[in-house]
Amino acid sequence: MITYEEVLSRLKENSDGEYRAFHSKLLKNDSINLIGIRTPVLRKLAKEWKGETDTFLSFPDEYYEITFLKCALVGALKYEEFIKRVDKVVPLLDNWATCDTFDAPCVKKHREEFLPFIKRYLQSDKEFTVRYGLVMLLHYYVEEEYLPLIFESVRNLKKNDYYIMMGAAWLIAEVLVKYYEAGVRFLQEGSMPKVTHNKAIQKACESFRVTSEEKAFLKSLRKS
């Protein structure tokens with residue numbers, strides 16, 4: 001069983017001061033302590049420490065990298081083990097980077113079973129818990145059968161925190177790319193805040209999968 005001190009020692013061996021400064025600016029949260037390790041290196045270490053999930057969950061969250069590794073280890077588990085631990089790490093999410101990289105491939109084959117978790121996260125009063133629910137919808141539920149759920153989830157968001165709005169915009173942009181007509185009908189409802197609405201259009205227009213004609217029409221739907 002690896003110790004917290006051993007983990008910190010390995011992490012500090014892989015620190016990159018220049019990257020630490022760069023990533024700190026991206027996170028826009030001065031309260032987060034960074035050792036400064038590039039994501040591919042963290043992912044490699046997570047693979048090395050596979051099997052140490054519960055040990056890592058016992059560690060304090062004083063560094064960004066420790067929380068990242070907790071998420072990576074939990075996300076790599078089989079579904080039955082993942083759902084036993086996911087609620088231990090979701091409350092630790094406090095920035096967009098950890099939130100958006102907390103992937104869980106096992107959910108793809110268990111989408112129906114995981115929906116109650118997502119619905120609960122979307123009702124949270126914590127900004128990044130809600131964003132995580134939106135990100136999971138983006139990763140695994142942008143399919144025709146789940147479009148009503150996606151639209152209802154976005155309509156019913158209780159909070160307008162910045163990273164929630166950006167998560168919703170990212171999700172709707174992906175809907176527009178894959179299911180353009182359904183996405184346009186949702187936009188035309190005007191149910192999203194102006195910032196979210198316009199950002200969804202912007203992100204969709206950045207995609208090569210949206211035609212020039214579609215982009216022109218989307219831009220005409222911007223809220224002024």
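Let's start with helix α3 (residues 39–48) and helix α5 (residues 64–75), which pack at about 55 degrees with their axes 10 Å apart. That angle makes α3 oblique to α5. A word on the terms: axes are lines fitted to C-alpha atoms, for helices over the stretch in contact, and angles run from 0 to 180 degrees between N-to-C directions. Under 35 degrees counts as roughly parallel, over 145 as roughly antiparallel, 65 to 115 as roughly perpendicular, and the rest as oblique. Helices are DSSP runs of H or I with at least four residues, numbered from the N terminus.

Before I go on, this is a predicted model, where local features need pLDDT of at least 70 and side-chain atom pairs count only at pLDDT 80 or more, while totals for chains, interfaces and linings use all residues. Residues are numbered from 1 along each chain as its sequence is written, and side-chain values use heavy atoms, with hydrogens and water left out.

Back to our pair. α3 passes α5 in a right-handed crossing, meaning that the near helix is turned clockwise from the far one by less than a right angle. Which residues of α3 and α5 meet? From α3 we have Thr39, Leu42, Arg43, Leu45 and Ala46, and from α5 Tyr64, Glu65, Phe68, Leu69, Ala72 and Leu73; contact here means heavy atoms within 4.5 Å. Those residues divide into 8 nonpolar, 1 polar and 2 charged.

α5 has another partner to show you. Helix α1 (residues 4–13) packs with α5 at about 110 degrees, and their axes are 11 Å apart. That makes α1 roughly perpendicular to α5. Tyr4, Val7, Leu8 and Leu11 of α1 make this contact with Glu65, Ile66 and Leu69 of α5. By type, there are 6 nonpolar residues, no polar ones and 1 charged.

Now for the charges. How many salt bridges does a search of the whole structure find? It finds 14, counting a side-chain nitrogen of Lys or Arg within 4 Å of a carboxyl oxygen of Asp or Glu. One of them joins the side chains of Asp16 and Arg38, at 3.4 Å from N to O. Asp16 sits in the loop between α1 and α2 and Arg38 in the loop between α2 and α3, so this pair ties together parts 22 residues apart in sequence. Asp16 is partly exposed at 24% relative accessible area, and Arg38 is partly exposed at 41%. The cut-offs are under 20% for buried, over 50% for exposed and partly exposed in between, with a 1.4 Å probe and protein chains only.

Salt bridges that share partners join Asp54, Glu81, Lys84 and Arg85 into one network. As a reminder, an α-helix has 3.6 residues a turn, so residues three or four places apart point the same way. How accessible are these residues? Lys84 is exposed at 54%, Glu81 is partly exposed at 30%, and Arg85 is buried at 14%.

Leaving out residues up to four places away in sequence, Arg131 touches Trp96, Cys99, Asp100, Tyr163, Ile164, Met166, Gly167 and Trp170.

Then take a look at helix α12 (residues 180–189), where Tyr180, Ala182, Gly183, Val184, Phe186 and Leu187 are buried. Their cover includes α10 (147–155), α11 (162–178), α13 (194–205) and α14 (212–220). After α12 comes Gly190, with a positive phi near 70 degrees.

One last backbone angle for you. Most residues other than glycine have a negative phi. Lys28, though, has a positive phi, near 55 degrees. Lys28 is in the loop between α2 (17–27) and α3, and is exposed at 67% relative accessible area.

Definitions and conventions: Helix = DSSP H or I, 4+ residues; strand = E, 2+ residues; numbered from the N terminus. Nonpolar A, V, L, I, M, F, W, Y, C, P; charged D, E, K, R; others polar.
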